[in-house]
Amino acid sequence: MNKEVKMNVYRFDPNKDKEGKFQEFTVPVKEGMVVLDAVHYIENNMDPTLGVRWNCKAARCGSCAAEINGKPSLMCKTRVDSLGDKIHVAPMKAFPIVKDLVTDVSRNWEIARKIPEFTPKKGLKEPWQIAEIDVSRSREFRNCIECFLCQDVCHVIREHDKDYIGPRFMVKAASLDTHPLDSINRSKFLHEEGGAGYCNITKCCQSVCPEHIAITDNAIIPEKESIVDSYYDPVTMLFKKIRGKHGQ
Amino acid sequence: MTNENYKSIDTDLLIIGAGGSGLRAAVEAINSGVSVTILSKSLLGKAHTVMAEGGIAASLGDVDPEDNWKVHFKDTMVEGVYISDWRLVEKLAKEAPDRVYELERMGALFDRTPEKKIMQRAFGAHTYRRLCHVGDKTGLELLRTLEDKILHSSNVKIMDEVFVTKLIKKNDKVIGAVGLDMKTGEFIAINSKSTIIAGGGCGRIYEVTSNSWESTGDGIALAFDAGAELMDMEMMQFHPTGMVWPPGVRGLLVTEGVRGEGGLLYNTKGERFMLRYSPQKKELDARDVVARAIYNEIQEGRGTEHGGVLLDISYKGKDFIMKKLPGMYMQFKEFAGVDITKEKMEVGPTTHYFMGGIKVDTETNSTNVKGLFAVGEAAAGVHGANRLGGNSLADLLVFGKYVGINASAYAKTANLEKIPEAEIKDEIKRVSEFINPNGINPYSLTEKLRKTMSENVGIVRNEQNMQKALSVILDIKKEYKNIGVGGNLQYNPGLLQCLELHSMLEISELLVRGAIMRKESRGAHYRSDYPKKDKKWLKNIVFKKNEDKVESSTFLPPEMPPYLKEILPEETYE
């Protein structure tokens with residue numbers, strides 16, 4: 001193992017800089033060290049003003065999303081010894097920069113507000129009865145820690161912006177749609193407002209998810225199929241009308 | 001660098017903290033029709049609540065039908081070693097089941113029993129299987145559910161990454177707060193009729209902790225500085241099982257769910273040592289008991305080279321582990337390169353939860369300061385000398401609802417006062433003065449404090465070490481006057497550390513002072529020089545700031561009514 005690592009950290013202070021640049025720091029390496037440890041070393045010993053967002057340092061809160069050697073990753077989860085002796089850390093590109101490694105992710109809350117919320121079926125007897133097998137379908141999507149790495153890597157958001165809600169919110173919709181007692185169909189929203197059609201299933205989002213959620217396979221594709229069924233298949237439409245959503 | 005501009009906001013109710021307790025309070029307040037502003041130091045949805053793993057303690061009796069609120073009451077009082085306020089514990093035990101069902105109706109999806117009820121797991125010192133859970137990510141599901149509810153509500157403003165620097169009072173009533181919006185470097189003055197502190201705990205005053213970055217006790221310190229009484233400050237819980245290796249994740253929580261699901265503890269001699277310390281409850285005894293047992297094993301040379309003991313769940317098989325403890329599997333695999341379906345985990349005690357905090361009225365969750373309320377880990381009284389696993393999530397749901405109702409009702413009767421401009425300018429000046437590139441590095445002082453706390457006021461305490469800690473804390477307080485960082489007000493972690501260190505110092509000092517006063521061992525507070533429990537100390541220690549002086553007193557809740565007394569076994573002393 002190397003004794004030191006060169007950390008190239010993106011610096012940008014809107015109060016004084018016109019554009020950002022990488023600044024190199026030499027950081028001693030400890031066993032098991034992750035990129036966030038190295039960034040903390042810089043912050044604690046070299047430059048306390050280095051802007052970085054973090055919280056749990058356990059890959060459970062999703063605050064410390066960044067692009068490490070070009071790959072959207074969590075700083076708290078990326079081992080320094082997996083990266084060679086030169087490391088570049090940059091903020092997520094799909095979001096406006098605030099300072100240094102920190103980006104403004106508030107657009108995500110605006111999207112979250114638009115997604116039709118959980119709406120239980122009417123007249124359910126309390127306490128609710130739910131089978132474990134029905135819970136397990138939704139579980140994967142509920143592991144999302146909202147790090148927004150999937151939003152960051154999504155080329156639709158990066159290059160075309162605006163109209164697509166992004167992988168995180170396809171997962172959110174799926175987590176609600178697969179709730180066994182939810183009563184509404186989000187296909188209309190995803191199709192007409194959510195821009196689900198823009199996704200062309202390159203699976204980049206799935207490959208960067210730190211929770212290993214099969215975003216494309218298990219959330220986006222079924223949601224797209226559900227849209228197709230709702231909009232273009234008269235038999236399913238009739239079936240749904242009779243039996244409730246998803247024909248279940 | 002002074003930035004004299006600020007933004008002014010008017011709100012009926014101000015909630016400081018966007019973890020489980022703050023958001024649960026917000027849901028209730030929104031329902032009651034007042035305007036709500038939520039300020040959060042971290043990004044929305046990142047609060048320490050997401051780290052809660054094991055579950056919510058509520059006596060649904062879905063798995064063990066014998067369970068009921070009385071048993072939950074008894075377990076909580078006994079394990080809190082009789083200094084919890086019974087009035088709060090009664091509410092907790094009685095109302096937790098309804099709060100769980102309510103959360104389910106908001107959209108949370110719990111693990112299920114074969115009978116389609118809510119699955120409940122065993123946890124330390126709970127008589128029955130009581131913890132309603134979502135795998136080992138219960139906190140995440142809880143927080144996400146509440147967050148969703150709030151994002152879909154109107155009449156609520158969420159301002160995240162705002163650090164509140166001061167509560168402002170007029171005629172002894174809190175009329176609002178001043179804070180710094182870290183994203184923009186802009187100051188904010190919030191005029192509020194009623195204010196709730198839901199700012200969480202302070203585990204980061206220790207070196208090894210399971211707590212998130214944000215747990216520096218800011219809410220507790222804000223209240224204290226505003227004249228609020230604090231209670232049980234000596235009561236810090238050390239969780240028996242945190243990760244010990246590699247160093248970067250030292251302290252990271254290994255959920256009690258591992259032991260709840262059958263995990264066994266071994267020392268390096270291969271001995272299942274809990275059989276010796278606790279023949280009845282074994283691995284599932286209360287956290288203080290298991291933490292001290294592990295501490296002893298390590299002290300006596302039966303620990304691993306990294307200073308831990310071994311926890312084994314591998315015998316349960318891969319399928320079981322992946323279903324019940326997927327988060328733990330990933331955590332060990334990715335951080336330590338350990339496959340817990342095949343290998344043992346290396347674990348040791350870690351600073352976990354603050355039982356002490358702001359003293360609240362047991363009916364309304366109000367503090368002794370008018371217009372100020374407190375809830376969650378920032379508040380004291382529910383957990384006494386030792387918190388039971390699962391009771392913190394139950395606490396924030398039950399009392400989050402109470403404080404939401406009561407603080408909103410208060411707001412409806414109170415007038416909105418404007419914070420005087422001069423006070424805002426003074427506060428802006430005070431905070432801006434931390435921007436000083438020649439100041440003492442806040443990180444080195446913080447590190448010194450955390451090291452002192454860990455070395456001298458940890459699981460086993462004594463007079464000499466605590467006096468030493470106190471003198472170091474007082475020294476750091478002197479150095480604090482010359483603290484500073486370069487840069488500017490916008491997203492400056494060094495500046496934030498300057499602000500947080502104030503909270504950490506206030507709390508550490510009171511923790512040590514309380515621990516020195518309590519000359520006995522009770523629950524999480526264990527003193528080698530007073531190893532026994534002493535009936536004289538069947539009471540709570542209370543601190544309050546009067547001008548600049550700290551005053552201490554003791555508190556005893558009113559006598560328990562007979563219907564509760566008969567549930568509870570009488571406390572015994574050696």
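Is Phe148(A) buried or exposed, and how many C-beta neighbours does Phe148(A) have inside 10 Å? In this predicted model, Phe148(A) counts as buried, because 24 C-beta neighbours lie inside 10 Å and the cut-off for a buried residue is 20 or more. Phe148(A) is located in the loop between α3 and α4 (149-153) of chain A. Its phi is near 70°, a positive value in a residue other than glycine. A positive phi also occurs in chain B, at Tyr82(B), where the angle is about 70° although the residue is not a glycine. Tyr82(B) is placed in the loop between α2 (69-79) and α3 (86-106) of chain B. With 20 other C-beta atoms within 10 Å, Tyr82(B) is buried. Most residues other than glycine have a negative phi, and most peptide bonds are trans.

In chain A, the bond from Glu126(A) to Pro127(A) is cis, with omega near -10°. Pro127(A) belongs to the loop between α2 (107-114) and α3 (132-142) of chain A. In chain B, Trp245(B) and Pro246(B) are joined by a cis peptide bond with omega about -5°. The loop that holds Pro246(B) runs between β11 (236-243) and α6 (257-260) of chain B.

The loop between β11 and α6 of chain B also contains Thr255(B). In an unreviewed UniProt entry, Thr255(B) is listed under "binding site" together with His239(B), His352(B) and Arg387(B). These positions span 149 residues in sequence, yet no two of their C-alpha atoms are more than 14.4 Å apart, so they gather at one spot. Thr255(B) is buried, with 28 other C-beta atoms within 10 Å. Apart from neighbours within four places in sequence, Thr255(B) is in contact with Glu53(B), Gly54(B), Asp136(B) and Met328(B).

His352(B) lies in strand β14 (residues 345-354) of chain B. With 28 C-beta neighbours inside 10 Å, His352(B) counts as buried. When residues up to four places away in sequence are not counted, His352(B) touches Gly203(B), Ser210(B), Gln237(B), Phe238(B) and His239(B).

Strands of a sheet pair through backbone hydrogen bonds, either parallel or antiparallel. Strand β10 (residues 230-231) and strand β17 (residues 540-546) of chain B run antiparallel and are joined by two bridges. Within this pair, Leu230(B) stands opposite Phe543(B) in β17(B).

The contact between the chains takes 49 residues from chain A and 44 residues from chain B. On the side of chain B that touches chain A, at least two residues each are supplied by α3, α4 (138-151), α13 (442-456) and α15 (493-517). The most is given by α4(B), with four residues. By residue class, this side of chain B divides into 18 nonpolar, 14 polar and twelve charged residues.

Definitions and conventions:
Residues are numbered from 1 along each chain as its sequence is written. Chains are lettered from A and ligands numbered from 1 in the order in which they are written. This is a predicted model: local features need pLDDT of at least 70, side-chain atom pairs count only at pLDDT 80 or more; totals for chains, interfaces and linings use all residues. Two strands pair if DSSP finds at least two bridges between them. A residue is buried if 20 or more other C-beta atoms lie within 10 Å of its own, exposed if 12 or fewer, and partly exposed in between; C-beta atoms are placed from the backbone. Two residues are in contact if their C-beta atoms, placed from the backbone, lie within 7 Å. Ala, Val, Leu, Ile, Met, Phe, Trp, Tyr, Cys and Pro count as nonpolar, Asp, Glu, Lys and Arg as charged, and the others, Gly among them, as polar. UniProt positions are given in the numbering used here, feature names are shortened, and annotations may be inferred rather than shown by experiment.
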